[in-house]
Each structure stands twice: as C-alpha cells, then as structure tokens.
Amino acid sequence: MKKVTAITSLIGLLALAVSLVANANQPNVILIMADDLGYKDLSCYGSEKQKTPVLDKLAKEGIRLTSFYAGATVCTPSRMALLTGAYPPRVGWRGGVVGYGIKTLNGLAPAALTMGEVFKEAGYQTALIGKWHLGDSPELQPMKQGFDTAFYIKKSNNQTKKLWRGTELVADPFNNSRLTENFTGEAIKFIEANQEKPFFLYLPYTAPHFPAQSHPDWKGKSANGAYGDVVEELDGRIGEILDALKDTKLEKKTIVVFLSDNGPEPGQKNWANAGPYRGLKWSSLEGGTRVPFIARWPGVIPAGQESDKIATAIDLLPTLAHACGIEMKEASTGSPKVDGLNLWNTFLGNEKRHPRTNLLYWQGWAVPQAIRVGDWKLYLDKVKEIPGSNKGPVLIDLSSDPAEKTNLGDQHPDKVKEMKELAEKLLAEIEGNMIPLGGPPNPRKLPKKRGQWLK
C-alpha cells in the first residue's frame with residue numbers, strides 16, 4: 001500500500017514538474033496601450049513633431065501594422081473589446097463611456113471572460129497598471145476580472161483624481177504630470193518580482209489623454225507643446241520597461257505589444273495627428289479608430305515587418321493566447337462570443353493565411369455606421385463629414401482615398417449591395433447574442449437605427 005502511495009505521489013510530482021516546465025517556457029506578455037494617441041503621432045508612423053526613438057526601434061525589431069483598428073472610437077468600449085475579444089455591443093455597450101453616457105456603477109460584466117482571466121487560468125501572474133475605465137463599483141474592479149495586481153485610476157485622468165492599489169487609495173489627488181512615471185515604476189517592480197514565472201502585464205497608460213501636462217524632465221523638450229512632451233515621455237518610459245526586460249534577461253522571452261485605444265481627442269486636434277486620415281475620437285471615420293500597432297518577440301516575430309492587412313484589437317485575445325500556447329475554450333454560459341481572430345500567422349510573416357477580411361464600425365454613441373471589406377469601406381449611415389451620405393450609402397476605396405472624400409457607390413452597385421447584406425447579417429447576429437452591462441439594469445437601449453440604409 002505504501003509502495004502504491006509512493007508511486008502515486010511520484011507521478012503527481014512528475015506531473016507538477018512537467019506543468020512547471022511548460023509554464024516556464026511560456027512567453028511573458030506586456031500589452032501597452034496609449035490613450036487618444038493618433039495614427040500619425042509616432043515618428044515611425046510619420047510624425048514630424050514628436051520624436052519616438054524607442055517605439056521606432058521596437059517597430060524595426062518586430063511588426064508594424066498600418067491597417068490596425070482600436071476596439072472602438074472611445075475609451076470604455078475600446079477596453080471592453082480589447083479584454084474580451086468581442087465587439088463592444090456584444091458586452092452590453094450602448095454608447096458613451098463610464099462617467100459620460102454610462103453610469104459609474106455600470107461597466108464590463110463580471111460574466112464576460114477577460115484576457116486577464118484567460119492568462120491567469122493558464123498559470124500567469126497578471127497585473128493591470130494604468131487606466132481601467134470599466135466601472136467604479138467593487139464588483140467591476142480589475143481584481144474581480146482576472147488581475148492579481150492592480151495599480152490604477154478608475155476612469156480617465158480628467159474624470160478622477162484618485163489613484164488606487166487594489167482596494168487601497170494611495171493618492172487623492174494624484175499628480176497628473178507624474179502618472180506615466182508612476183505607472184512605469186510600478187510596471188518595472190512587477191517585472192522584477194516575476195522573473196521566475198510567466199506574467200501578463202496590461203499597461204494602459206493615461207498619456208496623452210487630456211489634460212496633457214508635461215513631466216518636469218520632459219517639459220519643453222518636444223516641438224509640439226505639452227502634448228508632444230507627454231508623447232515623448234511615454235516613449236522614454238517604454239524604453240525604461242524594455243531596459244528592465246534586458247536587465248532581468250527576459251527580453252527574448254517577452255512579447256511586447258503597443259497600440260492606442262482610439263484616435264485623437266477633439267480638444268487636442270491642434271496637436272494630435274491622425275493623418276492622412278480624417279476624423280477624431282467618437283467618429284467612425286478612419287482617424288477615429290485606425291491607430292498605431294507594434295508587436296515584438298525577438299527571435300520569433302521576424303524583424304522589420306510591415307503589414308496592411310485588416311487587424312483590430314478584438315483579435316489580440318485569440319492571437320496572444322495562441323502565441324502563449326493557451327487553448328481558447330468555447331465561451332461559458334453568460335460570456336459573449338469572441339469575435340476576434342487569430343492573426344499569429346501574419347505576425348510570423350505569413351500574410352497569405354491572414355483570416356480577417358472585414359470589420360464593423362460604430363460611432364461613439366453605438367450607432368453602427370460602416371463596414372470595411374478589403375480596401376472597400378461602405379458607410380451605412382449619414383456622416384456629416386461626407387457630402388452626400390444623407391442620400392444613400394457611401395462607398396470608399398481606402399487604397400486610393402484615405403481621406404474618404406469620393407463616393408464610388410454609383411460605379412459599384414453590386415459591391416454596395418454585397419457589403420450591405422454582409423453588414424446586416426453580422427449586426428443581426430451580434431444583436432441576437434449579447435449580454436448586459438455589469439451593475440444595475442442599464443436603461444439605455446440600443447440605438448433604433450442600425451445604420452440609415454440598412455432595412
């Protein structure tokens with residue numbers, strides 16, 4: 001009997017050892033998100049006002065995407081999409097952001113499976129450091145959504161002055177000009193404390209969201225006022241995180257991803273830049289949601305890549321899970337369907353197997369306004385910036401008209417019909433498979449119109 005018990009114990013120990021070895025070989029993930037950074041706000045995307053040498057170098061060492069879209073045109077739904085891999089209406093979004101259109105007691109439902117939960121279940125140490133903006137009430141906090149560690153502000157830096165570590169209030173008010181420094185320091189501590197085990201670090205900075213206030217060490221350094229100073233500090237702080245990876249010998253074992261949550265804030269349009277695209281945050285024009293994207297994993301993602309294939313933030317959950325050897329299970333009861341697709345082959349340089357061929361767009365109040373298929377974009381609703389959009393669908397060829405000024409609908413009626421039908425099908429499926437927001441019942445209903453020209 002003792003012999004059987006000993007053998008059983010040995011098998012258990014061996015299984016544990018195999019599990020630990022498997023975990024030790026899994027890459028770490030650092031998912032960095034800027035706030036309201038425009039498509040052309042990095043020098044590797046064409047900025048002539050900000051210098052961003054760290055992110056420029058990161059792009060050269062990995063892949064840079066030029067048709068990458070944030071999960072939405074405003075903060076809260078963009079974060080919902082990123083963390084769940086689902087289009088925002090699927091997780092109950094009806095427009096606006098927490099604190100403006102969404103009550104602060106509402107937010108991302110605990111039933112929704114998040115990226116934090118997926119990585120935590122796979123044995124990762126998980127951390128949220130930065131801006132949350134997915135609900136203020138206790139049951140909606142990051143510690144309830146898969147994050148072991150949380151150092152964060154609950155809303156945007158213009159909506160709150162409180163900085164939290166878990167449930168502990170650590171600053172009231174925080175110093176806005178020091179937030180990027182604070183978040184970076186906390187991120188480095190997390191990296192250093194988890195050198196021996198895989199970790200997932202979600203780092204949504206507040207920079208360069210308004211009010212842009214220069215850190216003393218960066219004040220006046222850029223050629224673009226306080227906004228430029230804040231962007232250049234962000235670049236420098238990311239450099240400190242990359243240095244920490246080198247110091248801990250984790251550089252080759254860590255996937256680093258950088259993106260923005262949406263396009264430029266209208267109040268910052270004199271400094272931010274989404275060129276060559278028109279449109280700002282809240283808008284379904286390209287400038288409202290097409291953003292920079294960079295990913296690096298030394299020795300795995302080939303260096304010096306660029307891709308113009310359609311990609312979006314909802315794709316990151318299945319893509320990163322696959323890269324880390326995590327099998328995505330079917331959504332449990334009460335959790336929304338994952339709309340994201342696994343783009344890992346594209347990251348590895350095999351564009352021929354790129355799975356995403358279309359994308360839906362909503363403006364900031366959750367009215368579905370457009371669909372993109374390949375290089376074609378069809379507006380299904382009237383948009384004030386596009387003349388003639390009140391008379392019928394507008395068809396744009398993004399490959400030749402990035403500013404979205406020329407309607408080619410009359411020349412391609414079959415394309416219009418085909419894209420309208422696809423949009424109708426996709427939207428109907430989403431509207432039939434939704435979960436409500438977390439918190440009290442939300443009185444805001446879906447907009448009555450699903451696009452002016454959808455019948």
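Author: Let's start with Trp-282, which counts as partly exposed because its relative accessibility is 22%, while the cut-off for buried is under 20%. Keep in mind as we go that this is a predicted model. Trp-282 sits in the loop between strand E11 (254-260) and helix H7 (286-289). Its backbone is worth a look too: Trp-282 has a positive phi of about 85 degrees, although it is not a glycine. As a rule, most residues other than glycine have a negative phi.

Stay in that loop for a moment. Ser-283 also belongs to the stretch between E11 and H7. With a relative accessibility of 12%, Ser-283 counts as buried, whereas Trp-282 at 22% is partly exposed. Who does Ser-283 touch, once neighbours within four places in sequence are left aside? The contacts are Thr-73, Gly-288 and Glu-385.

Now for another positive phi. Ala-366 is not a glycine either, and its phi is positive at about 70 degrees. You'll find Ala-366 in the loop between E15 and strand E16 (368-373). Is Ala-366 buried or exposed? At 1% relative accessibility, Ala-366 counts as buried.

Helix H8 (residues 316-323) is mostly covered, with seven of its eight residues buried. Those buried residues are Leu-316, Leu-317, Pro-318, Thr-319, Leu-320, Ala-321 and Ala-323. Cys-324 is buried as well, at 3% relative accessibility. Elsewhere, Cys-75 has a relative accessibility of 2%, so it counts as buried too. If you were wondering about disulfides, the structure holds zero of them.

Next up is a histidine. His-354 lies in the loop between helix H9 (344-347) and strand E15 (358-362). Its relative accessible area is 13%, so His-354 is buried.

On to the peptide bonds. Ala-207 and Pro-208 are joined by a cis peptide bond, with omega at about 0 degrees. The bond from Phe-210 to Pro-211 is cis too, and its omega is near -5 degrees. Where do these prolines sit? Pro-208 lies in the loop between strand E10 (199-204) and H6, and Pro-211 is likewise found in the loop between E10 and H6.

Helix H2 (residues 53-60) and helix H6 (residues 225-247) have axes that come within 7 Å and cross at roughly 55 degrees. The two helices are therefore oblique to each other. On the H2 side, the contact is made by Pro-53, Val-54, Leu-55 and Leu-58. On the H6 side, Asp-235, Ile-238, Gly-239 and Leu-242 take part. What kinds of residue make up this contact between H2 and H6? They divide into six nonpolar, one polar and one charged.

Last stop: Asn-433, in the segment after helix H10 (413-431). With a relative accessible area of 40%, Asn-433 is partly exposed. A polar atom of its side chain lies 2.9 Å from the backbone oxygen of Glu-429. For a sense of distance, the C-alpha atoms of Asn-433 and Met-419 are separated by 21 Å, with the two residues 14 apart along the chain.

Conventions:
Residues are numbered from 1 along each chain as its sequence is written. This is a predicted model: local features need pLDDT of at least 70, side-chain atom pairs count only at pLDDT 80 or more; totals for chains, interfaces and linings use all residues. Side-chain values use heavy atoms; hydrogens and water are left out. A disulfide is a pair of cysteine sulfur atoms within 2.5 Å. Buried means under 20% relative accessible area, exposed over 50%, partly exposed in between (1.4 Å probe, protein chains only). Axes are lines fitted to C-alpha atoms, for helices over the stretch in contact, and angles run from 0 to 180 degrees between N-to-C directions. Helices (H or I, at least four residues) and strands (E, at least two) are DSSP runs, numbered from the N terminus. Angles under 35 degrees count as roughly parallel, over 145 as roughly antiparallel, 65 to 115 as roughly perpendicular and the rest as oblique. Contact means heavy atoms within 4.5 Å. Ala, Val, Leu, Ile, Met, Phe, Trp, Tyr, Cys and Pro count as nonpolar, Asp, Glu, Lys and Arg as charged, and the others, Gly among them, as polar. A polar contact is a pair of N or O atoms within 3.5 Å; within protein, one must be able to donate a hydrogen and the other to accept it, and residues adjacent in sequence count only if both atoms are side-chain atoms.
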